[in-house]
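Student: Please take a close look at one part of this model for me. I would like the strand pairing and the aromatic contacts around it.

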Amino acid sequence: MMPNADPEKSRRRAFPLLLAALLVACAVTAIGYARVGRDSQMSTAPLDVENAQVVNLEHLWLQTQNTGDVAQLDKILASDFVRPDPAEGAFITKAEMMAYLHSHPFPRHGGPPPHCARLRVTIYGNVAIARGVLAASDAQGVPVRKTLFTDVFVLRQSRWQAVSAQENDVPLHP
């Protein structure tokens, strides 16, 4: 303990430390607000445009399946696209899938083409996850198939491409 400590002198020494601590606290708060502001800006116009691009790509993908346009599907799928095939217990690459589709035309059924319902797209930087329901019915409009899907897209060179897809059939209840 210092004898005869001058309280005024102690306050003058403490003031720069207190000021520095206050400036650091303000800087940290400002950085946090800037980060929040930037994140919320990402969820406005630019994100809406990217979201719409992925939604349009999903609809185009479904159209290729309805029409059998394998050439268009080739553009939608990235070269490293892989999807699981639970029936076979294996993964299928884009090359394997495209070879199969070239030798086996898309199945056609008598009803209207399947349609996409409840499509939701979430974007995480350069990755987008699309989730939705595919519904198909027969010529009389009776539901014949319902499938939940999750598709993963990656933005590369300003272009979204699918890198993975997972479908799960949902049992139809009478």
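Tutor: S1 and strand S2 (residues 90-93) run antiparallel and are joined by four bridges. Two strands pair if DSSP finds at least two bridges between them. Helices (H or I, at least four residues) and strands (E, at least two) are DSSP runs, numbered from the N terminus. Arg 83 has Ile 92 in S2 as its bridge partner. Four residues lie between the strands of this hairpin, and Gly 89 has a positive phi near 65°.

This is a predicted model: local features need pLDDT of at least 70, side-chain atom pairs count only at pLDDT 80 or more, and totals for chains, interfaces and linings use all residues. Residues are numbered from 1 along each chain as its sequence is written, and side-chain values use heavy atoms, with hydrogens and water left out.

Now the rings. The structure holds two aromatic pairs. Rings of Phe, Tyr and Trp (its six-membered ring) pair if their centres lie within 6.5 Å; planes under 30 degrees apart are stacked, over 60 edge-to-face, the rest tilted. Trp 61 and Phe 81 are edge-to-face because their planes stand at 75°, with centres 6.2 Å apart. Trp 61 is in helix H2 (residues 45-67) and Phe 81 in strand S1 (residues 77-85), so this pair ties together parts 20 residues apart in sequence. Phe 81 is buried (under 20% relative accessible area; exposed is over 50%, partly exposed in between; 1.4 Å probe, protein chains only), at 1%. Trp 61 is buried too, at 6%.

Trp 61 also pairs edge-to-face with Phe 153: 6.1 Å between centres, 90° between planes. Phe 153 lies in strand S5 (residues 143-156) and Trp 61 in H2, so the pair ties together parts 92 residues apart in sequence.
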